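Please consult the sequence and the model while reading.

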Amino acid sequence: MAMNLPKAVDSLHRKHGDPRFHIDWVLVASAIAVAVFGLVNIYAARRQWLMDKNLSEFTYVKRQLIALGIGVVGAAVVAVVDYRKWREYALLLFVGTTGLLALVPVFGKEVGGARAWFEFGALQLQPSEFAKVTMVLAVAAYASLGRGTLHQRELIFAMLIAAVPSALILLQPDLGTAMVFGAMIMAILLIAGARMRHIAVVTVLGIIAVVAILGTNQLKDYQINRLTAFANPSTDLTAATADTPAERNLLAVQNNLKQSQTAISVGGLHGKGFTNGTQTNGKFVPEQHTDFIFSAVGEQFGFVGSAALLALYGLISFRIWRTAQLSRDLFGALVCVGVLAWMVFQVFENIGMAMGIMPVTGIPLPLMSYGGSATMAFCGALGLVCNVHMRQYT
Amino acid sequence: MADVPRLRLGVLGIVIVSLFAVLLGRLWYLQILTAPDASAVATVNIKRTVQLTPTRGRILDRNGVVLADNKASTVITVDRKVIVKKKDRTQLFERVAAVIEPDPAKVADKAKAFESRYNDERYQELEALPVAENVTDRQAIYLRERVEDFPGLDVREQQVRTYPYGNLASHIIGYVGRIPKENKELYTKRAEPRYQPSDIVGVAGIELLFEDDLRGVPGQVVYEVDATNRVIRKTSEVAPQSGRDVVLTIDAKTQQLAEQALQAELEYRRTQSPSLSAEQQALGLSVADTFKAPAGSVVVQDPNNGDIIAMASNPSFDLRELSSGITRDRSAILNCPKETADAGLCDPEAAPLLNRAVQGKYAPGSTFKLVTSMAMIATGLHPSDYIIEDEGSFQLPKCEEGEKCKWSNAGGAKYGDVNVIRALTVSSDVFYYNLGYEFFKDQGIYGLAIQDMAERLGFGQASGVQLPFESPGFVPTPARKKARHDDNPSAYPTGFYPIGDNVNLAVGQGDMLATPLQLANAYSTFANEGFVNSPNIVEKVTAPRTVDTELGETVRVIGQRTLRDKLAMPDAVRDPIMLGLVGVTKAGDGTAHKTFDGFPLDTTPVAGKTGTAQTGAKQLDKDDTSLFVAFAPAFAPKYTVSVVMEKSGFGAQAAAPVARLMFESLLGVGSCKPADLVPLPEFDPAAPVERAGLLPDGCVLSTNTGEND
């Protein structure tokens, strides 16, 4: 077929700004790499446990793969529709997920002391994960109205928006997720142009709030144990002397932290190799496929593998940060910053917890930890970032 | 794009970079700086060692008859994980007990026994808990077919100790059991080879003394386990090495005959009563009182090298019963400690577990006259032709107020002029009372000559035979008597050794105590012209046998061992005493003459000595210990036999017939042949096989109603 030259040039010209040509493949590739590495470690962490129960060793890998599949499709859908279009629906989406959060205390299922889940047969959903996405959209949409400056009244209103889902999550109670919300809102407000002294005041108020929550017995003993165990890793408690449920719980948390750090330590420089982790195979680390997945990485793949994982997260962070810079408008940048804060806070908190320098909270390691809602929601969030990147010229 | 505040984004970037730096730093600290320490922690966490029990060595007699062996036994075990909860455990234990225990009334007790095993720290925690051994085939099949109904239950094979001949040589062989709680440290603190608290060890006899040889070297498997103690994989395995076999000097057939003869004679004595003097009857003693004859022992020794050919102790016990795991109550009856005896459950005089041949301490009575006779001639106190007139009693020339001053012959017999030969043959006490007196009076010249001679013959010290808990006996001297009193005044009220003690000692009475083995060994020393051997009951230790050998290579031979320096035995000492001892069986007035009636003494002379030792404060005739020690053929000795029977009367009447029967069989001079050995069936607690004194055809115990010594 003969080529119509002017038409081809025109097409090339149009394609220059075509979002399809501005997909951030580095971000996509590194996210896929982390997810695959996550599957590898979920497999190793749960293999022995499943084999002991005469179940397929791939049970959890398969479920995670399904979540990732849905997540990728979801991310694609999110990325295809212009993010400015999403902005129009931000309020609706936000109200929707907040409504779901409000329903959790009524219809939710209690798992591990917190009522954070909906259960539909075999399917479980954690609305707070999806609320992270919609909260980012909503706050970014409102805060970007100020076009770079945020006065006291707007700041307070923006914080009130975020405060509704945060409060509902605190009631579940899920302190960790509420802290993620806090980190996200702070990052968005910082970039949206809040005054530094407002930021300082909010930070101080936040610290006071945390101290107040800890000090006024609003939390149950087990929550306090989890939050403070990392600071006093070895008390004189032993299995024989732990009498009260709280003491036994503290002992369990301390033991969990110790086993996790031991697993990471024995990995050494090169690690023990895939499925050769004795701590991992021995099921010494509870919740190893979810919150403590990093201990499986540390033991099997050593410093080399763990540092590589950190590097991948660093690369993803850099790409999101760069997308924020490249964004055509403040809304896009704020969305990216929200997702960035989300991921960095969870990575720091989760890996820090596994290594004993952060309190124990049930926060998943993005794209690594086993868990459908978190995985799908974060995929959606990355879809938003991609979206912003793709439309940096249009 | 102008909206995006680059400075603030930069600040955010710096924060993020520093957070990652913190994580990387911590990672470096954990994995590079502190890795080796944690590696040690993890190793402790996950390695568990399970011991593999070696096959225990066998115990054989001198002809290769296997007296202690192993067999595969069906054992029921329960996986510990399914019975962690008390409720699950109780339920399962009760159901298993109902299958195993035939008596419905005892099912609850059995279930309780399982529970106490569960809590017993001696069972390795990583292994399945063995709840019942020696399960019958029917029970095993029943349980195997219903494994789904008994979750966690396993029916498996395990090596257990067997003793095919029940109570044959039970005191020698000993038995095995769990490590006794009271001396647990003896085993568990040992370095190599290691013991586990649940190990089976020898607790008596050869099983105990040759534990190190019999046990073998345990192997071990090292497992990697997970947090719930579940095995992940095997990391190393060292196979166990079987234990060595121990070959005894015992001849099992002779042993069996000795046990049968002893049992038969004890039973016979229980039907007999002592003849009572008019005075004794006046005291109210009834002729109807039969001998109690509760216990006794027989030792057969080769005098030339000290090897023990048979060693019987009665009452005995069934090794099959002990190896099948006996209850605490039954064990208390066999041991018969004071509390159990006081409760009337057992008779301490007939406690079965005591090996009387090496643990029984007896006044040797007239059998000790050998020693006094040798002392007399060897020291030169009197020549062999020294004669005294025996008028039936001996009176101390100078007698202190309140002390015994007069001693009489048994039954008040008068023997007239006696020299040492006749004194032995007729057992004149007066002759020896005199010597005891003289030796004490002239101790400035001769020292304590009787005691010295006794010690040179091996009395007063353990013989060194390879059996545990041997008694050294006691040779009384003034110093020892005082030391004993000072040590324990309540048991020994006086520390004073009057001259009368030496008079008593001369006839083997008073404080003098000897074991039946010491008596045999002393007569063997006389028989072999002065060699004091340390008797052997073990000939050698051999390596585990291979597929095509009955016995493995010899690891070590015990060989003849010397207990004391050789005793000078000039003819002047030996000849007259030999004549006296031969006369005991052969001379018309020899004390055992009637017992040996019909024995071919002309061709096979027997040199021996009867003894009737008084016991107890009342010194009743029916409480007398009956003794007889002899060797034959007298001038070319091949066997020494010592027989001691408690509360059985005259030595010639009770002990001597047993010895005679042994000589008949050993020397082949009569119709008595030892019966063949018959392995016994599995032990049945409901119907214990009584190996009563059924003598083989052609074996008859002689009877002697003579009344002198």
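## A threonine in chain B

In this predicted model, the side chains of B:Thr254 and B:Asp251 make a polar contact at 2.5 Å. A polar contact is a pair of N or O atoms within 3.5 Å; within protein, one must be able to donate a hydrogen and the other to accept it, and residues adjacent in sequence count only if both atoms are side-chain atoms. B:Thr254 belongs to helix 10 of chain B, residues 252-269; helices (H or I, at least four residues) and strands (E, at least two) are DSSP runs, numbered from the N terminus.

Is B:Thr254 buried or exposed? Because its relative accessible area is 6%, B:Thr254 counts as buried: the term means under 20%, while exposed means over 50% and partly exposed in between (1.4 Å probe, protein chains only). Leaving aside residues up to four places away in sequence, B:Thr254 touches B:Ile309, B:Ala310, B:Met662 and B:Leu666, where contact means heavy atoms within 4.5 Å.

## Basis of the model

Residues are numbered from 1 along each chain as its sequence is written, and chains are lettered from A and ligands numbered from 1 in the order in which they are written. Local features need pLDDT of at least 70, side-chain atom pairs count only at pLDDT 80 or more, and totals for chains, interfaces and linings use all residues; side-chain values use heavy atoms, without hydrogens and water.

## The interface between the chains

The size of an interface is often given as the accessible area lost when the parts come together. Chains A and B bury about 3,900 Å² between them, with 71% of it on carbon and sulfur atoms; this buried area (1.4 Å probe) is summed over both parts. A:Phe303, A:Gln325 and A:Phe348 supply 16% of the area that chain A buries against chain B, more than any other three residues.

In contact across the interface are 55 residues of chain A and 37 residues of chain B. Between the two chains there are 9 residue pairs in polar contact, both residues being at pLDDT 80 or more. Several helices of chain A each supply at least two residues to the side that touches chain B, among them helix 2 (25-52) and helix 13 (330-354). Helix 12 of chain A gives the most, with 14 residues.

## Chain A as a whole

Chain A contains 14 helices and 3 strands. Of its 394 residues, 54% are buried.

Definitions and conventions
Buried area is the accessible area (1.4 Å probe) that two parts lose on being put together, summed over both.
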